[in-house]
Amino acid sequence: MTVTLADVAARARVSPATVSRVLNGNYPVAASTRERVLRAVDDLDYVLNGPASSLAAATSDLVGILVNDIADPFFGIMAGAAQTQIGGLGDGSGRAGGEKLAVICNTGGSPERELTYLTLLQRQRAAAVVLTGGAVENPAHQAAMAAKLAKLADAGTRIVFCGRPPLPEGDALVAALTFDNRGGGRRLTEHLISLGHRRIGYVAGPPERTTTRHRLEGHREALRAAGLDDSPAGGGTADGSGGPAADDDRLVVHGPYDRRSGYEATLELLRRAPDVTAIVAANDTVALGACAAVRDQGMRIPQDISVAGFDDLPFSVDAVPALTTVRLPLFEAGARAGRLAMGKENPPPGGIATIAAELMIRGSTAAPRD
């Protein structure tokens, strides 16, 4: 049943006119009243009809692209590529055609903010939503996401995941373009093992993220296949204070996907296991921090210790030495997600496509020194 403005007014115990004033923001309303109205809007999942209220089932010219951090090249590349298909004119003529307005929604990695943006896009009757990057592995959040995306899809919004696995439950997707993070992680560690490395440290991302889990699983698959033990010993975070993740061990330290985490986690790894001969970083940005920490300890790369990353971000080839990493086709995936969001391309069979990861061997990895 459609929720009306009168329903919101009744829930908030105010007049319909007050609800309208709060939602339109065109009249001063007491803060406590405003909060009560907004809480009722969220509780009832009320969708405000825009200028085209007589076309309540129609979608707008708005497309939302959700990213964790637009300053991170991983997300910026995908978002920019998607926008070329959503809002770019393409032919350079300057004439508007079937383009839509792409809006970047920066969640900061917050699950709550992610849901808030989806609610805002629902109220704007977005034509499509593209969600990028790894998902939070929290059952309550996944259930809330599935419910929210189902409401968007029911209203005609096209839902596309880019670099993100589908939810365990929910069939609201047009398509999910997933990266082979597990396979890429396995091949990267296999490369280090083939060089003769037997003590390999791992700087992982946040433990609750799908990307973190899949890359670490690939790493461990390679270790097990080679008969190597990753020495479980209680776990920890970059500051050495311990952590909640059951899969941590002495050679694995979790932290955010940023340079500072790479630096601090590498120092912690070297403290725990000074005999490591290689460090795998959660992504290339983390790898830069790892390289800095290695150098600050008076060691050389790769003569004393090898360092590898993941993603093949643009700066990777310009690092000194150039960074061995795993290439994900971020631009290609983002552009494809944009086409799917616009209905320019048919969804893959079953709605899910796994995008291959390519090992890029460069100067930051070498055989360990005897």
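Colleague: Is Ala147 buried, partly exposed or exposed?

Modeller: Ala147 is partly exposed, with a relative accessible area of 42%. Buried means under 20% relative accessible area, exposed over 50%, and partly exposed in between, with a 1.4 Å probe and protein chains only. Keep in mind that this is a predicted model, where local features need pLDDT of at least 70, side-chain atom pairs count only at pLDDT 80 or more, and totals for chains, interfaces and linings use all residues. Residues are numbered from 1 along each chain as its sequence is written, and side-chain values use heavy atoms, with hydrogens and water left out.

Colleague: Which helix does Ala147 lie in?

Modeller: Helix H6, residues 139-154. Helices (H or I, at least four residues) and strands (E, at least two) are DSSP runs, numbered from the N terminus.

Colleague: New topic: how many aromatic pairs does a search of the whole structure find?

Modeller: It finds 2. Rings of Phe, Tyr and Trp (its six-membered ring) pair if their centres lie within 6.5 Å; planes under 30 degrees apart are stacked, over 60 edge-to-face, the rest tilted. Phe74 and Phe75 are edge-to-face, because their centres are 5.0 Å apart and their planes at 80 degrees.

Colleague: What about Phe74 and Phe179?

Modeller: That pair is edge-to-face too, 6.4 Å centre to centre with 70 degrees between the planes. It links distant parts of the chain, with Phe74 in helix H4 (residues 73-86) and Phe179 in strand S5 (residues 175-179), 105 residues apart.

Colleague: Are Phe74 and Phe179 buried or exposed?

Modeller: Both Phe74 and Phe179 are buried.
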